[in-house]
Amino acid sequence: MSWGTELWDQFDNLDKHTQWGIDFLEKYAKFVKERIEIEQNYAKQLRNLVKKYCPKRSSKDEEPRFTSCIAFYNILNELNDYAGQREVVAEELGYRVYVELLRYSQELKTERKMHLQEGRKAQQYLDMCWKQMDNSKKKFERECKEAEKAQQCYERLDNDTNATKADVEKAKQQLNLRTHMADENKNEYAAQLQNFNGEQHKHFYIVIPQIYKHLQEMDERRTIKLSECYRGFADSERKVIPIISKCLDGMISAAKSVDERRDSQMVIDSFKSGFEPPGDFPFEDYSQHIYRTVSDGTISTPKQEGMKIDAKTTVGKAKGKLWLFGKKPKGPAQEDFSHLPPEQRRKKLQQRIDELNRELQKETDQKDALIKMKDVYEKNPQMGDPSSLQPKLAETMSNMDRLRMEIHKNEAWLSEVEGKVATRGDRRHSSDINHLVTQGRESPEGSYTDDANQEVRSPPQQHSHHNEFDDEFEDDDPLPAIGHCKAIYPFDGHNEGTLAMKEGEVLYIIEDDKGDGWTRARRQNGEEGYVPTSYIDVTLEKNSKGAVTYI
């Protein structure tokens, strides 16, 4: 089975077949390249996923302690190792298969080109020999015809009695010349024919079979190389199977390490307070005051007034607490976002300034484009009228001026907000020092006192931090004033827990803004509520007037 003997006349088809073989090899190389990219992207996505869910161990408190968390992080580590094996597969495919295919493809192209050039040269040489033989044949045929004409001319003159001896002799010489040239062309034609037959036999029985044999060997080597690459493709995957199996075994071991009882005990260890549950409430006999008043014959007016104020304060505080943990009142939307808390207002203004700057940049680019177009029109009047761009240019300049004014206005509001935030930050530092937290009826030991007089008359004690039971067991004493404020704008105060105020009204500050944009205030008649911080001018001071009055 040889291409040289079986396909001696199929040069064009062999040319197409060998080209198809190289194209198929490159097609498979492209397939391997895309598979490598898939493996690399898969490994990259797995590593990003692991990085996203891995714990950030910036402090010891954030380290995983529960067995379920530790198991999950171990699974992430195994998954990271699995991603590394996918990268190994990609590297192996790239080195053993893809690079080898590219190198071998270039070798095949060079070799194929050389063999085809040899075949074309042999065919061209055979065609040249055939042309030489054909030319000699035609020349011999032409000389034979000329000799026949010379012979006929000589015979006609020889039989003509009127012809002179000189004419007959000249015709005879011409006949001998043509006959001699015909014999020479005959010999040349015979030689060329013999040479062509020899070259043709050599071409079809020696040269072409040898060239086609080389093409056949080249194509068979290409097929063998594809087989080796197919095997290498599978071996690259098989090499990492043991390590991938270990990764999967590690995931299963991590799943088996989860201990729900241990996690439950860790929850107890983490959040157990050590306190005993509260006991029963004691009976508080308020009739002692009535009997004591009847027996003494006097009425304690200051105490009643104090109790009145305490009741109002308690109601105000309750309303404030309900509103504080419920929905905040929403005022009407203002152009300068003054209805929002300071931080939200600052963000809104900054967003608006950024949008205006982007619009200004667009208008500036449009203006530059119009100016360039106008210059082009002025230099080349046939392209357009420069005055036709003037209205659009004027409109663009007007828009730019408008946007600059808007930016300036919003930047002024932003500067105002940032200045107030800085001022409130300084004031909040001083208020933290003077702020008094009421303890209620709870004693330092965690029990409750039965003495009603001690509840009303004892001054509130100062604590460094709030207790988790403060909201449930507050006493009736009003909060002390930590400063005063003056209303810059009027506020309706329709929502529950808010306090209405008029412009210029002076109020006591009993609780500073905690960052939500609201300040707790009190009138002189004891009415309390929340007012927008941006609507007032706050002044915090030590030993305020309100603190002395209500103690």
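This is a predicted model: local features need pLDDT of at least 70, side-chain atom pairs count only at pLDDT 80 or more; totals for chains, interfaces and linings use all residues.
Student: How many bridges join strand 3 to strand 4?
Tutor: Strand 3 covers residues 518-522 and runs antiparallel to strand 4. Two strands pair if DSSP finds at least two bridges between them. Here the number of bridges is five.

Student: Which strands stand at the edges of the sheet?
Tutor: The sheet is open, with antiparallel pairing and the order 4-3-2-1-5. An edge strand has a single partner, so one side is left without a neighbour in the sheet. That describes strand 4 (528-532) and strand 5 (536-540).

Student: Where does helix 3 bend?
Tutor: Helix 3 spans residues 67-159 and reaches 135 Å between its first and last C-alpha, close to the expected 138 Å. The expected span is 1.5 Å times one less than the number of residues. A bend is the angle between axes fitted to the seven residues ending at a residue and the seven starting there. In helix 3 it is about 40 degrees, at Gly94.

Student: On which residue is the kink in helix 4 centred?
Tutor: Helix 4 has 75 residues and reaches 107 Å, close to the 111 Å expected. Its kink is about 45 degrees, centred on His203.

Student: Are helix 3 and helix 4 roughly parallel or antiparallel?
Tutor: Their axes, lines fitted to C-alpha atoms over the stretch in contact, lie 7 Å apart at about 170 degrees, on a scale from 0 to 180 between N-to-C directions. Under 35 degrees counts as roughly parallel, over 145 as roughly antiparallel, 65 to 115 as roughly perpendicular and the rest as oblique. Helix 3 and helix 4 are therefore roughly antiparallel.

Student: What is the angle between helix 2 and helix 4?
Tutor: Helix 2 (residues 11-53) and helix 4 (residues 165-239) have axes 11 Å apart. They are therefore roughly parallel. The angle is about 15 degrees.

How values were computed: Residues are numbered from 1 along each chain as its sequence is written. Side-chain values use heavy atoms; hydrogens and water are left out. Helices (H or I, at least four residues) and strands (E, at least two) are DSSP runs, numbered from the N terminus.
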